[in-house]
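The sequence and the structure are shown first.

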Amino acid sequence: MNYYSLNRQSPSVTFEEATIRGQAPDKGLYFPERIPTLSHNFIKNISRHTKEEIGVEVMKPYVAGSLDDNELERIVSETVSFDFPLVKINDNIYSLELFHGPTLAFKDVGARFMSRCLGFFNRNKDQKTTVLVATSGDTGGAVANGFLGVEGVDVVILYPSGKVSTVQELQLTTCGQNITALEINGTFDDCQAMVKQAFADKDLNNTLILTSANSINVARWLPQQLYYFFALQQWHDNGLPVICVPSGNFGNICAGILAHISGLPVQHFIAACNANDVVPQFLQTGNYQPKPSVATISNAMDVGNPSNFIRILELFQHQLPQLKEKVSSVTVSDEETKRILSDVYKKYQYTLDPHGAVAYKALNEYLQEHNDWYGILLETAHPVKFPDVVEAVTGSPVAVPESAAHLLKLEKKSIRMNADFNDLKEWLLNK
Ligand SMILES: Cc1ncc(COP(=O)(O)O)c(C=O)c1O
Ligand SMILES: N[C@@H](CCOP(=O)(O)O)C(=O)O
């Protein structure tokens, strides 16, 4: 499979090259030149397949020419080696729990897949690759964990100071070895802009091999399709599901839509946003207006200029009516998020995290207008990552999983930096 740049000013590349580059030289995002179709039989019999078989079947066309079957099988089985349960919350809403991986967030799937691909592609290279990543909370921890100790790769994580939770910060600042955390005096958008500028900088690219582990990188983005198929495996007799995805950078929902175009049966997608409402506004007005992000209690979605929305437009060939038929998007305030967290806990004894609560609110409202439909929300992070909000709202302590308990004893190590690209450049050139 080859990948073209959405800016259409750079040549098409293989999966391997797209993974190594992260972003095309013309600053466009890479996009698959063809969307594979899964067979009707495969979809119909999906519950008879293992997660590993599904992973290989879905990913095989995307990596063709870059990974052989054995390598892909190894990478997929290491990527999906934890549970993805679909849990019933009430009569018509189910939660696809994506927080059973090592860093308790959905990012583990993409980060583990990409780290193993890059490790494989780098196996005979003399020069190290530097992976740059911007995080508003969860990507950083997942990438740190996924890439820890990977030969030939240094990881540099930029995160907004004071705007991530304690567990998120410890996950990305305590690994050591080949992982460095830069604590930026600014927002997630500043971090993302600095990283994107680095990919376009000649001096840096003449000196270092740079790539991204954000969802702009196809090896991080594409495997995020897999858990949509794992949801289908566990979905019985309720008609086509409405799928609601808490959205910030829009990589997750974009992967779901890609899966749908390949054959995953879905009634409708909802992109649930917090106060950062660029996409809900766009779907209402047709005017795409990125704006500075605002801080909310669902911090990992505090994104003012979502990188992947351009890929969603491409999937619908930039046809707004078709897009609006399949995808809607709503904004949910912090007050509503807290109210839903509390209501769901009291009524159904289910503890949502703030991102899942944003999705619950959007899905519940949508289903009230379509009352014979059923829905799945993607529970994208474990509530223990946001104890301040969750415990204050529910009045109950969140049980701490072992992977978070040990973190709380570790000491954060970060390098403070202003949100200035020149500071980042100088640091990278001298590191
Ligand atoms: C917990 C959580 N929910 C939702 C999102 C938003 O996902 P995306 O950026 O793919 O839209 C993120 C961050 O990516 C996250 O960490
Ligand atoms: N919400 C993300 C922001 C970056 O998203 P990505 O999927 O593009 O890496 C985070 O948790 O860091």
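## Surroundings of the ligands

The shell around ligand 1 comprises six nonpolar, ten polar and one charged residues. The model is predicted. In total, 17 residues surround ligand 1, and the closest are D138, N249, N252, A300 and T380. Helices α6 and α12 each contribute at least two residues to the shell around ligand 1.

Ligand 2 is surrounded by 13 residues, of which T135, D138, T139, N214 and S215 are the closest. By class, the shell around ligand 2 divides into one nonpolar, eleven polar and one charged. Helix α6 (residues 138-147) provides the largest share of the shell around ligand 2, namely three residues.

## Annotated domain

An unreviewed UniProt entry annotates residues 93-368 as "domain: Tryptophan synthase beta chain-like PALP".

In soluble globular proteins, nonpolar side chains tend to be buried together. Here the largest nonpolar core contains 131 residues. The residues with the most contacts inside this core are V155, I157, F229, C244, A271, A272 and A359. Leaving aside residues up to four places away in sequence, V155 touches V131, V133, V143, A144, F147, N178 and I179.

F229 also belongs to the buried part of helix α11, together with L226, Y227, Y228, F230, A231 and L232. Helix α11 spans residues 226-233 and is mostly covered, with seven of its eight residues buried. The packing partners of the buried residues of α11 are the helices α3 (51-63), α5 (107-121) and α12 (251-262), and the strands β4 (86-88), β5 (93-97) and β13 (375-379).

## Helix α18

Which residues of helix α18 (residues 387-394) are buried? They are V389, V390 and V393. Seen down the axis of α18, these buried residues fall within an arc of 90 degrees and therefore line one face of the helix. An α-helix has 3.6 residues a turn, so residues three or four places apart point the same way.

On the other side of α18, D388 and A392 are exposed. The cover over the buried residues of α18 includes α16 (334-348) and α17 (354-369). Just after α18, G395 adopts a positive phi of about 75 degrees.

Notes. Residues numbered from 1 in each chain as written. Chains lettered and ligands numbered in written order. Predicted model: local features only at pLDDT ≥ 70, side-chain atom pairs only at ≥ 80, totals over all residues. Buried ≥ 20, exposed ≤ 12 C-beta atoms within 10 Å, placed from the backbone. Helix = DSSP H or I, 4+ residues; strand = E, 2+ residues; numbered from the N terminus. Contact = placed C-beta atoms within 7 Å. Core = buried A, V, L, I, M, F, W, Y, C linked by C-beta atoms within 7 Å. UniProt positions renumbered as here; feature names shortened; annotations may be inferred. Near = placed C-beta within 6 Å. Nonpolar A, V, L, I, M, F, W, Y, C, P; charged D, E, K, R; others polar. Arc of directions from axis to C-beta.
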